[in-house]
Amino acid sequence: MFKNAKNDYIGWLVLIGVVILLLEILFFNRGLIFSLFISGGMIYLGRKKAGKKMGKILFFGGIIFFIISILNMMTFKFLLLAILLHFFIQFLNSKNNPKKITPDINKPGPIQQEETMVQTKPLFENIFLGQQKTPFGVYEWNDVNIQTGIGDTTIDLSYTMLPEGETVIFIRNIIGNIQILVPYEIDVSIHHSCVVGSTTVFGNHNSKIFNQVFHLKTPSYEKSEHKVKILTSLVVGNLEVSRI
């Protein structure tokens, strides 16, 4: 209830402030718009001629003129009074409803020892623009989890030794093509999401994809000892998964 009253109170203050500003501009201080326009023009010209002495004079003069115009506004004086009134009401409420602080005593738990972590160099980096490819020679495999902006990504799994179990390739791309070359003995699971583009998976071509999500996998994927899970996401682009 108090929260609703507080919101109504602030809403009324804002409404009254807007009404006072309109009345001030229309009836009591018609030169306000002109003075703000002049000060804004001085600041603009001063910034354009920042390297010259006249530019500095116009810039700082415009700021001073703008501050003076704001301080002389009836609306500014009302808002200042409203802020003081708001803090005064908050002070009275804090006196009438003091906050009670209850100490929270926690029992010391077991001390956790820091574990040693091994950092490995990733195959790919997050980039906004450009192409990325796996090395042409033999390389050591690390799971891929990247997001790119505009560009193509090519992954050739024939030059590396995949570990036992499930290998993960996770690529999120805005615009570009993704090509993944997989050896014949490796089972594959593909989760693909695309807004506009096409796919070619082991010779099966789909040239008209519009805002679709699909999942494909080889029949023996679940029982395979060496398998690759491919998760890709494209806004605009093509996905190609081929055997090599």
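**Figure 1. Valine 236 in strand E8.** Valine 236 is a residue of strand E8. In this predicted model, its relative accessibility is 38%, so valine 236 counts as partly exposed. The cut-offs place partly exposed residues between buried, under 20%, and exposed, over 50%.

**Figure 2. A nonpolar patch on the surface that includes Val236.** The patch is formed by Phe128, Leu129, Ile150, Ile174, Ile175, Val195, Val196, Phe210, Val235 and Val236. Together these residues have about 900 Å² of accessible area. Two or more residues of the patch come from each of strand E4 (165–175), strand E6 (187–201) and strand E8 (226–243).

**Figure 3. Glutamate 185 in the loop between strand E5 and E6.** Strand E5 covers residues 178–182, and glutamate 185 is found in the loop between E5 and E6. Its relative accessibility is 61%; because the cut-off for exposed is over 50%, glutamate 185 counts as exposed. Glutamate 185 and arginine 243 are 58 residues apart along the chain, and their C-alpha atoms are separated by 9.3 Å.

Figure 4. A polar atom of the glutamine 132 side chain lies 2.9 Å from the backbone oxygen of glutamate 125. Leaving out residues up to four places away in sequence, glutamine 132 touches Phe124, Glu125, Ile127, Ile146, Thr148, Asp152, Thr153 and Thr154.

**Figure 5. The whole protein, as context for the close-up views.** The protein has four helices and eight strands. Along the sequence the pattern reads α-α-α-α-β-β-β-β-β-β-β-β. Among contacts in the protein with a separation of 6 or more, 62% are between residues 24 or more positions apart. The accessible surface comes to about 17,900 Å², and carbon and sulfur atoms account for 64% of that surface.

Methods: Residues are numbered from 1 along each chain as its sequence is written. This is a predicted model: local features need pLDDT of at least 70, side-chain atom pairs count only at pLDDT 80 or more; totals for chains, interfaces and linings use all residues. Side-chain values use heavy atoms; hydrogens and water are left out. Patches are made of residues with over 30% relative accessible area and no salt bridge: like charges are joined within 9 Å, nonpolar side chains (Val, Leu, Ile, Met, Phe, Trp, Tyr) within 5 Å. Accessible areas come from the Shrake-Rupley method with a 1.4 Å probe; for residues, only the protein chains shown count as cover. A salt bridge is a side-chain nitrogen of Lys or Arg within 4 Å of a carboxyl oxygen of Asp or Glu. Buried means under 20% relative accessible area, exposed over 50%, partly exposed in between (1.4 Å probe, protein chains only). Contact means heavy atoms within 4.5 Å. A polar contact is a pair of N or O atoms within 3.5 Å; within protein, one must be able to donate a hydrogen and the other to accept it, and residues adjacent in sequence count only if both atoms are side-chain atoms.
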